Amino acid sequence: MNTTLKKAALAAALATASLSATAAESHIKVYTNVDTTLALMKADGSALPDLITLAHIPGQGLNAHTERVRIYTNDESKDIEVRLTAEPSLVLRSGGGTPIPLAVSLNKKRLTVAAQDFLASEIYDGGLPGASVVMDLQIGQATRAPITVAGEYEGIVSVAMVQKTGAP
């Protein structure tokens, strides 16, 4: 009887071990922001990064960051209005200090909070259906100058696009 009990206990232990080995779970949060008319994405169609790092050169300021992008659309015949939702700047995480204004440009056009037209005839060439020509999205220090207060700076750049309703 003792041998039978030992075998049953061993079988139960093995079953428990095998259950716990296959019970591992992974949870991945997935996010998307869907606009059925427009999207600003990397030139290859992948998402823009959520975070970029601007390199600082002591005594000079910040190097600009450039992403190669396209405007993807459901209607290549319509012009696009592009603007910033707010004037971007970097501020010290710890507070205080002077904000560092940022400049943002798309296809060498400086973006501001005022909408600017990107004409369909200039940005859509039919090379890739539903996608504009490749353009540079550049983010950098508005006026490159030395930064005199050390610390970690952060800010948000928000680009808004609207497909114009009228014919170009």
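**Exercise 1. Find the residue that stands opposite Arg83 in β12, and build up the sheet around it.**

Arg83 stands opposite Ala160 in β12, where strands are DSSP runs of E of at least two residues, numbered from the N terminus, as helices are (H or I, at least four residues). The model is a predicted one, in which local features need pLDDT of at least 70 and side-chain atom pairs count only at pLDDT 80 or more, while totals for chains, interfaces and linings use all residues. Residues are numbered from 1 along each chain as its sequence is written, and side-chain values use heavy atoms, with hydrogens and water left out.

Step 1. Strand β5 (residues 80–84) pairs with strand β12 (residues 159–163) in the antiparallel sense over five bridges, two strands being called paired if DSSP finds at least two bridges between them. With strand β9 (residues 116–118), β5 pairs over three bridges, again in the antiparallel sense.

Step 2. Val82 stands opposite Met161 in β12, and Val82 also stands opposite Gln116 in β9.

Step 3. The three strands therefore form an open, antiparallel sheet in the order β9-β5-β12. Because β9 and β12 stand at the edges with a single partner strand each, one side of each is left without a neighbour in the sheet. From one strand to the next, the twist averages 30 degrees, taken between axes that are lines fitted to C-alpha atoms (for helices over the stretch in contact), with angles running from 0 to 180 degrees between N-to-C directions.

Step 4. The covered face of β5 holds Ile80, Val82 and Leu84, whereas the uncovered face holds Glu81 and Arg83.

**Exercise 2. Describe the surroundings of Pro101 and of Gln141.**

Step 1. Pro101 lies in strand β7 (residues 100–106), and Gln141 lies in strand β10 (residues 135–141).

Step 2. Pro101 counts as partly exposed because its relative accessibility is 47%, and Gln141 counts as buried because its value is 12%; buried means under 20% relative accessible area, exposed over 50%, and partly exposed in between (1.4 Å probe, protein chains only).

Step 3. Leaving aside neighbours within four places in sequence, Pro101 is in contact (heavy atoms within 4.5 Å) with Pro88, Ser89, Gly140, Gln141 and Ala142.

**Exercise 3. State what sits over the ring of Phe118.**

The charged end of Lys109 sits over the ring of Phe118, 4.4 Å from its centre; the rule requires NZ of Lys or CZ of Arg within 6 Å of the ring centre and within 35 degrees of the ring normal.
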